[in-house]
Amino acid sequence: MMTLSRQSHPVLRDVERLVQLETELTKFNNERSLIEQSRGGDGSALDEGMVKRKIRYYYRDDFQNFVAYLGGEPAGMGSLFMRGDTGYLANDFTFPAYRKRGIQTALIRHRLQTARELGLKRVYTDVEFASASHANMLKCGFELVYVNTFWMKMALPR
């Protein structure tokens with residue numbers, strides 16, 4: 001969780017630096033392209049039924065989508081859900097060719113700035129513990145507030 005205030009997160013210098021390196025953060029407004037990118041852009045045909053089921057998630061007042069471009073090409077994406085004064089960062093994905101270049105961090109910081117501009121007071125997210133995403137959330141000022149564990153038992157012999 002991160003509590004937002006004007007003092008807690010100054011102007012996002014890293015995003016500005018990435019913008020100078022041709023990284024452009026914009027709201028993505030083409031649902032077919034966004035759905036295609038979220039599938040990894042593998043070139044397979046889109047199932048129209050899937051598009052109709054997913055489209056409602058991309059055009060809602062409480063849901064904003066962002067795509068980072070590097071050299072004119074989509075490099076990563078992420079979403080911001082909003083409810084009341086609370087936000088939730090989700091759907092982070094950096095395309096494999098663009099990893100380890102600060103794309104996810106730029107998207108996180110851009111969405112935090114957007115959340116602040118919208119008057120949100122706190123933002124949550126969830127990531128896999130000890131992952132690159134975990135490290136990026138810590139870099140951006142998030143604090144661990146909850147750990148979810150998964151349990152497994154092998155099938156019992158008969």
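Student: By the ring-centre rule, what does the count of aromatic pairs come to?

Tutor: Keep in mind that this is a predicted model. The count comes to 3 aromatic pairs. One of them joins Phe-63 and Phe-81, with 4.3 Å centre to centre and 70° between the planes, which makes the pair edge-to-face. Phe-63 belongs to strand 3 (residues 63-70) and Phe-81 to strand 4 (residues 73-83), so this contact ties together parts that are 18 residues apart in sequence. As for burial, Phe-63 is buried, at a relative accessible area of 4%, while Phe-81 counts as partly exposed at 24%. Phe-81 also pairs with Tyr-88: their ring centres are 6.3 Å apart and the planes sit at 45°, so that pair is tilted. The cut-offs do the sorting here, because planes under 30 degrees apart would be stacked and those over 60 edge-to-face. Tyr-88 is partly exposed too, with 29% relative accessibility. Put together, ring pairs link Phe-63, Phe-81 and Tyr-88 into a cluster.

Now for the pockets. The largest pocket holds about 500 Å³ of space. Its lining takes in 18 residues, and Thr-125, Asp-126, Val-127, Leu-144 and Tyr-146 are the ones nearest the centre. Strand 6 (122-125) and helix 5 (132-139) each supply at least two lining residues, and helix 5 gives the most, with 3. Sorted by class, that lining has 12 nonpolar, 3 polar and 3 charged residues.

The second largest pocket has a volume of about 390 Å³. It is lined by 21 residues, and closest to its centre are Thr-94, Gln-104, Ala-132, Ser-133 and Asn-136. Strand 5 (86-94), helix 4 (103-117) and helix 5 are the elements that give two or more residues to this lining, with strand 5 giving the most, 6 residues. By class, the lining of the second largest pocket divides into 7 nonpolar, 8 polar and 6 charged residues.

Methods. Residues are numbered from 1 along each chain as its sequence is written. This is a predicted model: local features need pLDDT of at least 70, side-chain atom pairs count only at pLDDT 80 or more; totals for chains, interfaces and linings use all residues. Side-chain values use heavy atoms; hydrogens and water are left out. Rings of Phe, Tyr and Trp (its six-membered ring) pair if their centres lie within 6.5 Å; planes under 30 degrees apart count as stacked, over 60 as edge-to-face and the rest as tilted. Helices (H or I, at least four residues) and strands (E, at least two) are DSSP runs, numbered from the N terminus. Buried means under 20% relative accessible area, exposed over 50%, partly exposed in between (1.4 Å probe, protein chains only). On a 1 Å grid over the protein atoms alone, a cavity is a set of points where a 1.4 Å probe fits but cannot get out, and a pocket is an open set with protein on both sides within 12 Å along at least five of seven lines; lining residues have an atom within 4 Å of a point. Grid points are joined across faces, edges and corners, and a volume is the space filled by probe spheres set on the points. Ala, Val, Leu, Ile, Met, Phe, Trp, Tyr, Cys and Pro count as nonpolar, Asp, Glu, Lys and Arg as charged, and the others, Gly among them, as polar.
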